[in-house]
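Please look through the structure below and keep the sequence at hand.

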Amino acid sequence: MTLAEAVVAGAAPAELASLEVPTRYRAVHLRKDEVGMFDGQDNDGQDNDGPDKDVRRSLHVGEVPMPELAPDEVLVAVMASAINFNTVWSAMFEPIPTFAFLERFGRTDPRHDLPTHVLGSDAAGVVVRAGQAVRHWRPGDRVVTSPAYLDSQDPMVQHDGMLAADLRAWGFETNFGGLAEFAVVKATQLLPKPRHLSWEEAACNMLCASTAYRMLVGERGARMKQGDVVLLWGATGGLGAYGVQLVRNGGGIPVGVVSSPEKAALLREMGCEHVVDRSRFDDLTDEKGWRGLGAEVRRLVGEDSAIVFEHTGKDTFGASVYVAKKGGKVVTCGSSSGYDHTYDNRHLWMRLKQIIGSHGANYQECHETNRLISLGMIHPTLSRVYPLEKAGDAARSVQLNQHVGKVGVLALAPEQDLGIEDGRLRERIGEERLRLFRV
Ligand code: NAP
């Protein structure tokens, strides 16, 4: 029996420890010799004027060599993973090819600088090996991963891991990511798998849910309080759908922005009463559009937003700064539509607003997020699930904004709905809530 087969069969820890680690494994990867393949092409094919940077062409599924394990790392047999927007950026070689990250990292850890880059920043699976310095995790443990790969001996980590000098997004700025049969992670990335979730439900949450947690709740985020009106862009997307849940849990009032009546209906089913369909606005990049959006928020809730949840970037940032209330906060972690934002600074300084940059989440924030998921207070937003061979199609759906919530990928799990241990909690929450995003 191979190690992978033993994991799938639910073998005992002693058996897992006795079986050999394979020398090669199947993984979704980019090839260094293909950097430049998209030069001169559109980002997303929206213009219909020729080929675009179609990520199905750059994402390959095939065997790669198994790396050595460092003393503070574990090897996880991955049952399921998920697509994040960073998978799309990586596969477009935008804004820079991720091989540049691997080359730089390779100066201190040569294992990572390879002609292949194994992607993926989310995973759920089983620990099959733990390095000598790992204290809290052992073979057989069922885990989910958080994406912050950092040096736990950096003094800053005791203050806030996200401020660590060598912080890297695992599976984006490091090799050996989660879209694979095996993944290498630091022990400080591991969290116990929520027992009521299947492998694919467990795998889809951590990156987006913990990022949204830090943005809205974390000490260095917007620190939402009860009754705050929170405007959320992309409210049924990867980040936004966790953002909406966190706002509702914390006693805030979410106003969700989406781009279609179908997404608006889904948002209402989530309990988000106030919905803005952005397709009704001709242009949100000029002051006329900003005023229209501000008026719509006031019409819906009777006041302006205390917090604007930003990740959409260039197309929306001017509006976000404008619609935040006096003294309000715009918290941002990304720029899907472009990172060279413009906004009218008079609206910021004269009305004493703040812009807060946020990135990922530290280990403690990930722990808090995982606790909320494990308690059944935050639910997965999994929509479609693809097999590993079709990871390119999965990433393409996110590249073209054809998805809702999270898009899952099965790795070693032979089918969906495996790995559920706590059926009673599941029953208490209800399948309809756990499967709300399924299509
Ligand atoms: P996603 O699943 O693709 O969702 C993004 C949502 O944004 C979409 O559902 C879409 O909703 C909306 N949107 C897209 N283009 C827009 C535009 N031009 N104007 C207004 N809305 C637009 O992606 P995600 O996982 O939520 O990630 C969003 C961004 O955050 C990405 O750029 C990602 O790289 C970044 N991010 C950063 C971190 C971090 O730690 N720094 C972590 C996670 C994600 P509608 O079409 O319905 O409006």
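What follows is a short walk through this predicted model.

The model is predicted, so local features need pLDDT of at least 70 and side-chain atom pairs count only at pLDDT 80 or more, while totals for chains, interfaces and linings use all residues. Residues are numbered from 1 along each chain as its sequence is written, and side-chain values use heavy atoms, with hydrogens and water left out.

Start at the ligand. Its shell holds 24 residues, and the closest are S259, R278, S336, G360 and H403; a residue is near the ligand if one of its heavy atoms lies within 4 Å of it. By class, this shell has seven nonpolar, 14 polar and three charged residues. Here Ala, Val, Leu, Ile, Met, Phe, Trp, Tyr, Cys and Pro count as nonpolar, Asp, Glu, Lys and Arg as charged, and the others, Gly among them, as polar.

A ligand oxygen is 2.7 Å from an N or O atom in the side chain of S259, and a ligand oxygen is 2.8 Å from a polar backbone atom of G238. For H359, a polar side-chain atom lies 2.9 Å from a ligand nitrogen. On its own the ligand has 910 Å² of accessible area (Shrake-Rupley method, 1.4 Å probe), and the protein covers 90% of this 910 Å². Helix 4 (85–92), helix 7 (206–216) and helix 8 (238–249) each give two or more residues to the shell. Helix 7 gives the largest share, three residues. Helices are DSSP runs (H or I, at least four residues), and strands are runs of E with at least two, both numbered from the N terminus.

Now turn to the aromatic rings. How many aromatic pairs does a search of the whole structure find? The search finds seven, where a pair means Phe, Tyr or Trp rings (for Trp, the six-membered ring) with centres within 6.5 Å; planes under 30 degrees apart are stacked, over 60 edge-to-face, and the rest tilted. One of the pairs is W290 with Y322, which is tilted, at 6.0 Å between centres and 40° between planes. W290 lies in helix 10 (residues 287–301) and Y322 in helix 11 (residues 317–323), 32 residues apart. W290 counts as buried because its relative accessibility is 7%, and Y322 counts as buried at 19%; buried means under 20%, exposed over 50%, and partly exposed in between (1.4 Å probe, protein chains only).

Last, L418 lies in the loop between strand 18 (406–410) and helix 15 (423–429). L418 counts as partly exposed because its relative accessibility is 30%.

Note on methods:
A polar contact is a pair of N or O atoms within 3.5 Å; within protein, one must be able to donate a hydrogen and the other to accept it, and residues adjacent in sequence count only if both atoms are side-chain atoms.
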